[in-house]
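Work each one yourself, then compare your steps with the solution.

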Amino acid sequence: MCTLCQHYCKIKEGKTGICGVNKNVGDKIECLVYGYPSALNVDPIEKKPLYHFLPGSKSLSLGTVGCNFHCSFCQNWTISQTANIDKSQYFSPEQIVELAIDHECESISYTYNEPTIFYPYARDIALEAKKRGLKNVYVSNGYESHEVIDDMKDVIDAANIDLKSFDPKYYQKALGGNLEKILNNLKHFVQEDIWIEITTLIVPTQNDSEEELDKIASFIANELGKDVPWHITAFHPDYKELELPSTSIETLKMAYDIGKKHGLHHVYIGNVSYDTPTRCPSCDAVLIERTYFRQTSNHLNGAKCGQCGTTIAGVFDEQS
Ligand code: SF4
């Protein structure tokens, strides 16, 4: 049995599990994508999106092929929905960390496809990165096994986790996941003291009702905490959902208002040219402004509001 994600696939010898990249090779499960990133870029940390974790810093970002979900609207489907591994170039964990240092990155992000399915590789990179003073960031659909989250607490510093819907049937049928397990995992991340931010991609007709957004915002506020940022991002037609329209600004603003109604301190609209700054939850001063994932101003004093001195939730450089 593979114990990397909540599918806990029982894999016959010579076969792979649901993700297509973890294989039973007889005496163990082998992660076939170990050492073979399919994408490797230097991104602003804001692109993950993480707005309260080392803002303004660069993150070496990598993903492999494969995924444990099969979302019809996936915006990275060319790598997530294939198991064809390009083995033309091997990157050891040490080489990845060297690349990050060479490109002045403060962190390494495991992203683009679902990092849980390549956790053995991500973990080895992350441990090497820690030795060299770098942080580690995880961008995930939230379907990790309990074992992986337990392990992550000493390895991963921050995570952006999707909460794609609040409808159990939708999670099961359309995405191939389980809502209850994801909600429990989100609470598990908070218990382990890993900094998390939540993302909901708002897909027209699928998860954009007021009622559903209300449930999502209520869960974040009441079960995770009002300091946990909520990113509400716009869908653009992609993969198998080419007939659906892009998410309207009106819908995004409705979600924003719902988040604020539930008392969330930090709600962000993303994937559109409409930037929502970070504001102080006490005095409402604008603290960080951004344009297209790039920080354009920062009025924080370390982790405190530059105006009233309130401590802002997140992980900030002392000098930021
Ligand atoms: S990572 Fe998840 S989907 Fe892939 S084989 Fe393991 S349990 Fe199955």
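Two strands pair if DSSP finds at least two bridges between them. Helices (H or I, at least four residues) and strands (E, at least two) are DSSP runs, numbered from the N terminus. Residues are numbered from 1 along each chain as its sequence is written. This is a predicted model, where local features need pLDDT of at least 70, side-chain atom pairs count only at pLDDT 80 or more, and totals for chains, interfaces and linings use all residues.

**Exercise 1.** Find the order of the strands in the open sheet of 3 strands, and say which stand at the edges.

*Solution.* Start with the order, which is S11-S12-S13, with antiparallel pairing. Next, look at strand S11 (278-279) and strand S13 (294-298): each has a single partner strand, so one side of each is left without a neighbour in the sheet. Now zoom in on S11 and strand S12 (residues 286-291), which pair in the antiparallel sense over 2 bridges. Finally, locate Thr278, which sits opposite Ile288 in S12.

**Exercise 2.** What share of contacts between residues at least 6 apart in sequence joins residues at least 24 apart?

*Solution.* Take a contact as heavy atoms within 4.5 Å. Among those contacts in the protein chain between residues at least 6 apart, 65% join residues at least 24 apart.

Definitions and conventions. Heavy atoms only, no water.
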